[in-house]
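Please view the sequence and the structure first.

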Protein chains: 2
Amino acid sequence: MAKGTLPSSGSLSAKAPEERRERILRATVDVVRTRGFAGARVSDIAEAAGTSQGLVLYHFHSLAGALNAALTLLEDEFYDDLARDLQEQVGPVERLRHMADLGAGLGPAVGDWRLWLELWVRALHDPDARETRESLDRRWRAALREVIAEGVAAGEFAPSDADAAAIRLASLMDGLAIQLALEDPDMTPERLADLWWDAAVLELRMPR
Amino acid sequence: MAKGTLPSSGSLSAKAPEERRERILRATVDVVRTRGFAGARVSDIAEAAGTSQGLVLYHFHSLAGALNAALTLLEDEFYDDLARDLQEQVGPVERLRHMADLGAGLGPAVGDWRLWLELWVRALHDPDARETRESLDRRWRAALREVIAEGVAAGEFAPSDADAAAIRLASLMDGLAIQLALEDPDMTPERLADLWWDAAVLELRMPR
DNA sequence: AGGCTATCTGAATGAGCGTTCAGTCCGGGC
DNA sequence: GCCCGGACTGAACGCTCATTCAGATAGCCT
């Protein structure tokens with residue numbers, strides 16, 4: 001009956017399994033980043049995490065389970081990072097500017113666009129990934145819409161159609177990022193940030 | 001009697017193998033469209049083409065060979081279709097408008113955006129696909145740049161930076177198309193065409 | 001006609017890989 | 001001390017799937 005005290009006891013020993021689990025998740029993300037979803041093997045994950053294959057399947061029910069768990073971890077971290085990063089900026093213009101840098105992978109790298117590409121394609125065939133992707137996109141677009149609304153309220157932006165501008169700017173970021181992820185010879189992080197920023201100036205009719 | 005009944009002779013029988021090969025290529029494209037590159041099996045292709053697995057491997061050296069052959073077929077057709085479609089339009093404004101419809105999958109469908117997504121991800125890991133994808137993108141962007149240049153020469157467009165405008169409009173199309181391909185609830189072909197067209201009006205400073 | 005070659009097939013082969021499992025290790029409650 | 005159950009491992013197991021192969025079929029050349 002005294003079972004209620006489960007997490008306590010030897011703090012280190014009790015936490016070890018959880019840390020191990022986390023290590024496996026990180027390893028999973030790494031493997032997907034380099035090999036892609038299609039190329040990710042249980043053995044790759046186990047090796048990258050420094051554990052046995054058995055343990056990967058012990059913590060997550062299957063390979064797909066590990067992949068999906070990694071996905072949701074990624075989503076949560078993405079949003080937390082984004083929210084924290086934007087919080088640090090002071091006004092709408094600075095926030096928007098910061099979003100350009102984030103997308104370009106300049107500032108504190110929020111994520112890797114290669115992973116996003118992989119996610120998109122997986123979303124074509126896997127309902128779980130579709131969910132994650134939609135949620136991610138919604139959050140990112142909501143953040144952008146919010147910054148724009150803030151700028152409009154402050155009289156800094158004057159878009160003719162704020163919603164359309166938000167969708168277009170979000171989509172433009174995706175499109176530019178594809179070239180970055182694919183290492184297109186004529187796309188660099190700086191160029192991406194510039195191109196996007198100029199589009200924002202145009203769309204939002206920013207003075208200056 | 002004369003073998004005339006079924007296979008007949010002469011030119012038709014000599015062309016038969018070539019037609020068979022073509023059928024397999026079409027089937028390969030179909031399979032990739034529905035199952036994706038990662039999910040494409042030799043047996044799927046054979047079944048879709050109505051042949052044996054052996055024949056697929058006989059004509060192309062391997063599964064990868066068939067996939068890559070299908071890729072280059074796709075690339076050629078894409079470009080031919082695009083060039084022919086644009087040829088039919090009369091002026092830069094009409095051509096640009098037509099490009100919006102093409103991207104939206106309205107007019108005569110040039111291709112399927114799902115396939116493009118698949119291609120992008122495959123390009124992350126396969127050099128052959130990377131080549132194809134770069135070539136495709138180059139051609140598409142060149143066509144766009146050309147239409148813009150034509151419009152500038154005709155005094156219909158007045159972009160502040162024509163090259164940047166072309167890259168942005170091409171990238172915006174990609175980004176919007178992702179949502180279409182993923183069947184994002186708030187994206188439709190019509191909406192895509194509208195959003196893109198409005199952006200073009202803005203970028204190119206078109207008079208009403 | 002008789003062989004030669006290209007085309008095509010269905011079964012066999014074998015490698016790769018996810019998943020299962022029998023068992024080890026160890027901390028903590030009795 | 002003894003046992004229990006969670007954490008963990010390494011070795012199978014079995015299935016899927018690309019590739020190989022031994023032939024069958026039919027046109028083509030001499």
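Two residues are in contact if their C-beta atoms, placed from the backbone, lie within 7 Å. This is a predicted model, in which local features need pLDDT of at least 70, side-chain atom pairs count only at pLDDT 80 or more, and totals for chains, interfaces and linings use all residues. Residues are numbered from 1 along each chain as its sequence is written, and chains are lettered from A in the order in which they are written.

Q: Which elements make up chain A?
A: Helices (H or I, at least four residues) and strands (E, at least two) are DSSP runs, numbered from the N terminus. From that terminus on, the elements of chain A run α-α-α-α-α-α-α-α-α. Chain A therefore has, on the definition of DSSP runs, nine helices and zero strands.

Q: What percentage of the residues in chain A is buried?
A: A residue is buried if 20 or more other C-beta atoms lie within 10 Å of its own, exposed if 12 or fewer, and partly exposed in between. Of the 208 residues in chain A, the buried ones make up 37%.

Q: Which helix of chain B gives the largest share of the side that touches chain A?
A: The contact takes 30 residues from chain B and 31 residues from chain A. Helix 1 (10-39), helix 6 (113-125), helix 7 (127-153), helix 8 (162-181) and helix 9 (189-204) of chain B each supply at least two residues of that side. The largest share, 10 residues, comes from helix 8 of chain B.

Q: How are the directions of helix 7 and helix 8 of chain B related?
A: Axes are lines fitted to C-alpha atoms, for helices over the stretch in contact, and angles run from 0 to 180 degrees between N-to-C directions. The two axes come within 9 Å and cross at roughly 135°. Angles under 35 degrees count as roughly parallel, over 145 as roughly antiparallel, 65 to 115 as roughly perpendicular and the rest as oblique. Helix 7 of chain B is therefore, relative to helix 8 of chain B, oblique.

Q: Through what do the copies meet?
A: Of the interface residues of chain B, 100% are also interface residues in chain A. The copies therefore meet through the same surface.
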